[in-house]
Amino acid sequence: MDQILNNLQQFWEYTGFANATYQHILMICIGIIFITMAIVKEWEPLLLIPIGFGMIIGNIPLFAGLNVGIYEEGSVLNILYNGVQKGWYPPLIFLGIGAMTDFSSLISNPKLLLIGAAAQFGIFAAYAISLSLGFEPSAAGAIGIIGGADGPTAIFLSSRLAPDLMGAIAISAYSYMALVPVIQPPIMRLLTTKKERLIRMKPPRVVSRMEKIVFPIVGLLLTTFIVPSGLPLLGMLFFGNLLKESGVTRRLAETARGPLVDIVTILIGLTVGCSTQADKFLQLNSILIFGLGALSFIVATSAGVLFVKFMNLFLKQGNKINPLIGNSGVSAVPDSARVSENVGLSYDRSNHLLMHAMGPNVAGVIGSAVAAGILLGFLS
Amino acid sequence: MKKYLKFILAGVFVLFQLSLYGQSMTDLRLNELLIVNTDDYQDDFGEHSGWFEIFNTGYGTVDIGGCYLSNDPENLKKYTIPRRDILTRIKPRQHILFWADNKPYRGSFHVNFTLAESSMLILTSSDGSTILDMVSLPLDLKPNESYGRLVDGEGSYGTGSDNTGWGVLSRTSPSTNNHSLDGKSRSERMKETDPFGWIMAVMAMSVVFLSLVMLFLVFKGTGNIALRWSQKKADAYHKNKTKKISLAETSGETFAAISMALHLYANETEVHDIENTILTIEQVRRNYSPWSSKFHSMRKPPEMRKKLDR
């Protein structure tokens with residue numbers, strides 16, 4: 001009888017109930033909130049559901065040494081997490097993004113590229129503020145990239161510059177990407193006048209196939225010659241786009257933008273969620289990172305909108321740009337462009353800004369990858 | 001053209017081969033040596049012997065197994081570095097040490113000559129003829145003094161190496177860097193030079209803008225060229241017509257509308273929605289197959305035995 005009781009006692013010690021702490025429960029609740037937001041509000045469900053569920057998996061209280069936790073070397077989750085730690089999931093996602101992105105609106109109106117550049121200011125403002133709060137430059141760089149509103153880029157950079165903060169940075173980046181429809185509209189309204197919001201832009205011209213093919217090749221050469229450290233992201237982005245635009249590699253393009261990107265999204269979301277183990281995640285730094293991420297995002301959106309207003313000072317009547325597309329300079333594709341469209345339509349039901357906003361939006365993807373390359377080059 | 005294509009492809013292939021080769025063994029350098037060892041480091045057998053060091057300058061692991069070491073230009077294959085020894089794999093930017101004690105039976109890293117009897121040291125590739133690096137040994141080197149590259153891997157190398165970049169080192173450093181770095185990471189140096197991050201912000205924003213401005217300029221130019229070409233084609237088509245169209249002024253939406261109209265016209269039969277409401281029943285025909293045949297049934301139906309049989 002004693003033996004049975006001892007075994008039961010031992011079994012109880014193995015269970016999650018015996019090992020649970022309030023931090024585990026808190027993180028599991030946050031995971032459930034993420035899943036709820038994804039299902040009820042439909043905010044970035046493709047990301048929030050894997051991340052939210054990953055948070056639950058990662059915070060099941062474990063008996064140490066079972067070799068199942070994500071930080072236990074050789075466990076299944078740890079092997080899957082390698083793609084995040086070593087930074088090879090983000091370039092694969094960029095391959096898919098390249099294969100699904102149509103750069104025609106950018107090619108037809110290349111000055112929209114500059115908006116994508118201006119919106120990266122959020123990254124460096126957050127970098128400066130993080131430094132003043134006492135973060136090391138490498139950690140500050142990784143935190144700043146949240147303002148790029150690009151989850152894969154944030155994971156890629158933080159895995160190199162600040163692996164300890166990666167969980168918090170990735171969760172922060174994806175959370176703010178999901179909250180794009182909530183965060184951006186008030187800033188856009190605040191910084192624009194009613195007259196500016198009603199500006200009608202010239203419809204984009206037709207872009208020839210040759211231009212679309214030249215774009216990824218020239219884009220790769222120009223950007224990576226200037227910032228070679230951005231090669232993994234930029235190389236894959238432009239390669240994916242060439243697969244799409246060449247017209248002769250349809251199967252490869254479909255795989256890259258379909259099954260491949262889906263598989264990697266599942267793995268990256270789940271493992272990033274798992275990496276938020278309570279003991280690693282629930283720290284003062286994580287709260288600071290969330291605050292700095294929000295600030296970075298707000299500055300990036302503001303910089304984009306204000307830069308359009310600045311550009312308009314030099315543009316002729318008829319060529320002016322609606323500043324409501326300035327928010328799209330952050331690279332949350334295509335959510336921020338959709339926000340431009342919705343806010344624009346709320347002021348003029350026939351003024352569709354979506355195609356125009358896609359220009360700075362995809363420029364933001366390039367811009368944030370370049371910015372990540374610069375930070376990596378200077379701080380790694 | 002096909003004839004030339006063969007030559008071009010062959011050239012590319014050869015270049016590719018060279019570049020593959022270039023990423024491996026050619027990254028190896030003789031880096032430091034000590035000729036007379038009386039009071040310096042001891043080998044695993046507790047003996048003081050001359051030694052030399054090879055440095056992998058590359059960022060990939062290089063297996064030195066199968067390469068040759070020699071002190072005789074007439075006999076490049078004097079000592080063969082054993083293959084399939086895991087210790088002969090030199091990690092990126094790492095060193096490997098050989099003892100020049102003329103006792104090769106003591107292991108892979110003990111060569112069959114000494115430096116005291118040599119005028120030069122040669123590292124040859126596994127093909128036995130390509131000299132990867134060589135160094136003339138200094139005659140006036142004192143005991144326990146080492147001669148090496150002042151900065152690891154830097155200086156002349158290869159067949160015609162003239163010892164540029166080499167010198168007597170202030171201390172011996174087998175299997176470690178000859179030139180000590182200050183040990184500070186880039187991040188730490190950045191913290192010292194730019195504590196508030198403003199220099200970084202200005203510099204990085206400038207680079208981001210530079211990259212995207214260059215893209216803007218290129219695509220502004222290519223856009224104009226593409227438009228001019230398309231315009232020329234359109235003008236040629238419309239040369240007999242009075243009114244010419246400007247492609248630059250025509251939006252993609254217009255072309256999309258025209259394309260849709262043409263598509264609907266060309267596929268007129270597909271646009272009769274009413275046909276979807278008509279129910280069509282094709283003739284039902286049961287094809288014969290042994291699988292569906294009762295005659296060829298796989299299972300025999302059970303039969304009742306007649307009472308008389310009992």
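**First stop: an enclosed strand**

Seven of the seven residues of E2(B) are buried, so this strand is largely enclosed by the rest of the structure. A residue is called buried if 20 or more other C-beta atoms lie within 10 Å of its own, exposed if 12 or fewer do, and partly exposed in between, with C-beta atoms placed from the backbone. Strands (E, at least two residues) and helices (H or I, at least four) are DSSP runs, numbered from the N terminus.

This is a predicted model, in which local features need pLDDT of at least 70 and side-chain atom pairs count only at pLDDT 80 or more, while totals for chains, interfaces and linings use all residues. Residues are numbered from 1 along each chain as its sequence is written, and chains are lettered from A and ligands numbered from 1 in the order in which they are written.

Select residues 50–56 of chain B, which form strand E2. In a regular strand the side chains alternate between the two faces of the sheet. Here B:Gly50, B:Phe52, B:Ile54 and B:Asn56 point one way, whereas B:Trp51, B:Glu53 and B:Phe55 point the other way.

Strands of a sheet pair through backbone hydrogen bonds, either parallel or antiparallel. Two strands count as paired if DSSP finds at least two bridges between them. Follow both partners of E2(B):

- Strand E1 (residues 28–34) of chain B pairs with E2 in the antiparallel sense over six bridges. B:Leu28 stands opposite B:Asn56, and B:Leu33 has B:Phe52 as its bridge partner.
- E7(B) is joined to E2(B) by six bridges, and the two run antiparallel. B:Gly50 has B:Ala100 as its bridge partner.

Now select B:Asn102, in the loop between E7 and strand E8 (120–124) of chain B. Its phi is near 60 degrees, a positive value in a residue other than glycine. B:Asn102 is partly exposed, with 16 other C-beta atoms within 10 Å.

Next, select B:Asn144, in the loop between E9 and strand E10 (146–149) of chain B. B:Asn144 has a positive phi of about 70 degrees although it is not a glycine. With 15 C-beta neighbours inside 10 Å, B:Asn144 counts as partly exposed.

An open sheet in chain B has the order E5-E4-E8-E9, with antiparallel pairing. Strand E5 (79–80) and strand E9 (131–136) of chain B form the edges, each with a single partner strand, so one side of each is left without a neighbour in the sheet. Two bridges join strand E4 (residues 68–70) of chain B to E5(B). Select B:Leu69 to find B:Tyr79 of E5(B) opposite.

**Fifth stop: the nonpolar cores**

A nonpolar core is a set of buried Ala, Val, Leu, Ile, Met, Phe, Trp, Tyr and Cys residues joined through C-beta atoms within 7 Å. Select A:Ile143, A:Ile169 and A:Leu375: of the 134 residues in the largest core, these touch the most other members. H21(A) supplies the largest share of this core, 16 residues. A second, separate core of 33 residues includes B:Leu33, B:Trp51, B:Tyr68 and B:Phe113.

Then select A:Phe135, in the loop between H9 and H10 of chain A. Is A:Phe135 buried or exposed? A:Phe135 is buried, with 22 other C-beta atoms within 10 Å.

**Last stop: where the chains meet**

Residues are in contact if their C-beta atoms, placed from the backbone, lie within 7 Å. The contact takes 42 residues from chain A and 34 residues from chain B. Helices of chain A that each supply at least two residues to the side touching chain B include H8 (113–118), H9 (121–132) and H21 (354–379).

Key
Two residues are in contact if their C-beta atoms, placed from the backbone, lie within 7 Å.
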